[in-house]
Amino acid sequence: MAQPDNKKFFENLTGAGKAIAVLTSGGDAQGMNAAVRAVVRMGIYVGAKVYFIHEGYQGMVDGGDNIKEATWESVSSMLQVGGTVIGSARCKEFRTHEGRLKAAHNLVQRGITNLCVIGGDGSLTGANLFREEWSGLLAELVQQGLIEEDAVQRYSALHIVGMVGSIDNDFCGTDMTIGTDSALHRIIEVVDAIMTTAQSHQRTFVLEVMGRHCGYLALVSALACGADWVLIPEMPPEDGWEEKMCEKLSANRAGMKRLNIIIVAEGAIDRNNKPITTEHVKDLVVRHLGFDTRVTILGHVQRGGTPSAFDRILASRMGVEAVLALLETTANTAACVVSLCGNQAVRLPLMECVQMTQEVQKAMDEKKFEEAVRLRGRSFENNLRTYKLLAHRKPESELPQSNFNVAVLNVGAPAAGMNAAVRSAVRVGISEGHKMFAINDGFEGFYKGQIREIKWGDVGGWTGQGGSLLGTKRTLPAKHVDKIAEQMRKYNINALLVIGGFEAVECLLQLYDARATCEEFCIPMCMLPATISNNVPGTDLSIGADTALNAIVETCDRIKQSASGTKRRVFIIETMGGYCGYLASVGGLAAGADAAYIYEEPFDIRDLQSNVEHLTEKMKTSIQRGLVLRNENSNENYTTDFIYQLYSEEGRGVFDCRKNVLGHMQQGGAPSPFDRNFGTKISAKAMQWISKKLKESYRQDEGRVFANTEDSACLLGMRRRALVFQPVVQLKEETDFVHRIPKEQWWLKLRPLMKILAKYKTSYDVSDSGQLEHVVCNRTKESDTSSAI
């Protein structure tokens, strides 16, 4: 691929003469290695010296071989490894002044004045204290004769940038911390496995998940698996919860549900701040209901295993952003933490984040639980609100009577997470007082009359199911408008929720155009993007794309491992996506690919030759395995076979080649935690929008709904930091209908990261890098559901 001029990048940002040290501290988290790798390679790329500090702050205090210069090759093959390969340890000595003095001496000896700390709030607070004491520590070292006076001038300021590595997601200021998504993967894998055995024996399972001070893992996993009850420290249950929980479990069993799942955070408390244990919950169920009940404590399983695709991408982005932040620091720059807000990297003052995190605990200690939830952020609040909405059914007498009929259908290819979205829509719709209808097999089923009312209990257990339980077809409605209008009259459909990919956009546009001749389509219509290709205009992410990315990354890991111990080998992998290169590009970043060929970035034979030569050079000096991804429609002439044969011929004598076409395995499997929750939350938001539009467009005098404005046919998508309803008509201009892709795609900005981390010289647009913000300001900008879970 053509290598753009990189002078602009180096003129503005150079690390020449700088020394950066990276350490991991506190509890380990999956994805830490990806962050370390990104810091090392980005640091070397900009010309800085980069050092590992092994064993966290203990290694900084002990010095010696614990502080080693890193090389490009020293971080090879660590992207897919869980935990932290440079070690982490809790260090009492660093908490003392004498310990920090030793640490300062060890850093000055190596000329290190830039620290990248990956850990939790305790580790980051310690780093900030170290920074504040730095000048005093150097003065003491001069007095003791351990360093020269000119060293004080040369190393006058210590710069700190933090990345939060914590599976609990307990750090305020960021939507997701490194390791959280992977921990959710471990939890959901266990819950899915337990559900099959629980169903067989009609058992109740009480699961304890990590979260001593934060209930995020418990809350989100409950949302992802449709748990019957969840107990978290931020929002203890009301007094008398024991009876209410047992009533709920009993009602579910009476409704033919063969199992119950209760999820308890390890720090769960009641309103009097007394712990609620799993054994206590089990005893309650056995004593009151007599159900066969088992307890499972997941423990450190949640910390283990390979990092998810999300965590690898998050950590890689944050690692690169951390190096950029260090390069831009001045003597007066406050320590910052690199954070994620929606889908955008931001920088926040470290101590503001720490103080807000401490305020959450203070609020819980003072029994101000509503305040604790609010301080956790909008994302946490919405998770809690959505869980309550979907898990606890109101009695019929308490439901509002809207007399509106809302239909939901899937369109296009199946995508993991579609069923979670349907479940959410049905239950929120019923809670809003609507009568919900399910349409089987998309618009083909619509015009054939495959329509039925769908009840609350009909969608139980749907969150963890892959594919589309409603059935889905690619049929567009234009040729069947009259028959569809007839079915809409028959069932008195007042609103439509369409869940699907690019075809769903085309369907909504056709229905919008049909309003001119059929008033039946003058109703609120909303579309949710659901496709593994992530090629829908108006949204950064689509339901199903995360599950497909994880399938690609997991397969790439296995394929690379298959060459372990053999001679040097390059794998050519073909991914799906049509003309959209999202899966190849972002999958390549997460899997550590050397190149990814896509339609959006044209390439020719010279680029292919350059890539082969680059890989050949790397093979001779360092790496044993290479990975090249190709989007299925990237080029009609440079096919996967052609690239495989080219690499095989040109690499002869240095490496051999293998090719794999991943095919429909990218479309199958159980949805990832991200897709379950993303689908659940955007679907709930869409149904609330539909309810609002129905009330606005109801004509009392005519006794019917009439909505024909542009903003009554919308796509709900995530744009950077927020979920936005966008009229589909307005999306026409930003869509390439021939190739079925948006004209502008945010993830193209991630491609230079993949190239940099694969040792290519390339330009990197730093204009979109995170700017220092304040946490309070950040809270007001947070998305309603956030990109993260």
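**The four-stranded sheet.** I traced an open sheet whose strand order is β19-β20-β18-β21, with parallel pairing; strands pair if DSSP finds at least two bridges between them. Strands (E, at least two residues) and helices (H or I, at least four) are DSSP runs, numbered from the N terminus. β19 (595-597) and β21 (656-661) are the edge strands, each with a single partner, so one side of each has no neighbour in the sheet. From one strand to the next, the twist averages 20°.

This is a predicted model, in which local features need pLDDT of at least 70 and side-chain atom pairs pLDDT 80 or more, while totals for chains, interfaces and linings use all residues. Residues are numbered from 1 along each chain as its sequence is written, and side-chain values use heavy atoms, with hydrogens and water left out.

**β19 and its partner.** I found three bridges, in the parallel sense, between β19 and β20 (residues 625-631). Ala-596 has Leu-629 of β20 as its bridge partner. Helix α21 (residues 605-621) lies across β18 (569-575), β19 and β20, and runs at about 160° to β20. Such angles run from 0 to 180 degrees between N-to-C directions, with axes fitted to C-alpha atoms, for helices over the stretch in contact; contact means heavy atoms within 4.5 Å.

**Core.** Which residues touch the most other members of the largest nonpolar core? They are Met-163, Leu-496 and Leu-497, in a core of 191 residues. A nonpolar core here is a set of buried Ala, Val, Leu, Ile, Met, Phe, Trp, Tyr and Cys residues joined through side-chain atoms within 4.5 Å. Buried means under 20% relative accessible area, exposed over 50%, and partly exposed in between (1.4 Å probe, protein chains only). Helix α11 (residues 309-327) supplies the largest share of this core, 13 residues. Leaving out residues up to four places away in sequence, I listed the contacts of Leu-497, among them Ala-407, Cys-526 and Met-687.

**Phe-404.** I placed Phe-404 in the loop between α14 (378-391) and β12 (405-411). Is Phe-404 buried or exposed? Phe-404 is buried, at a relative accessible area of 8%. Beyond four places away in sequence, Phe-404 touches His-434, Lys-435, Asn-494, Leu-694, Tyr-698 and Val-705. Its C-alpha atom is 24 Å from that of Trp-462, 58 residues apart along the chain.
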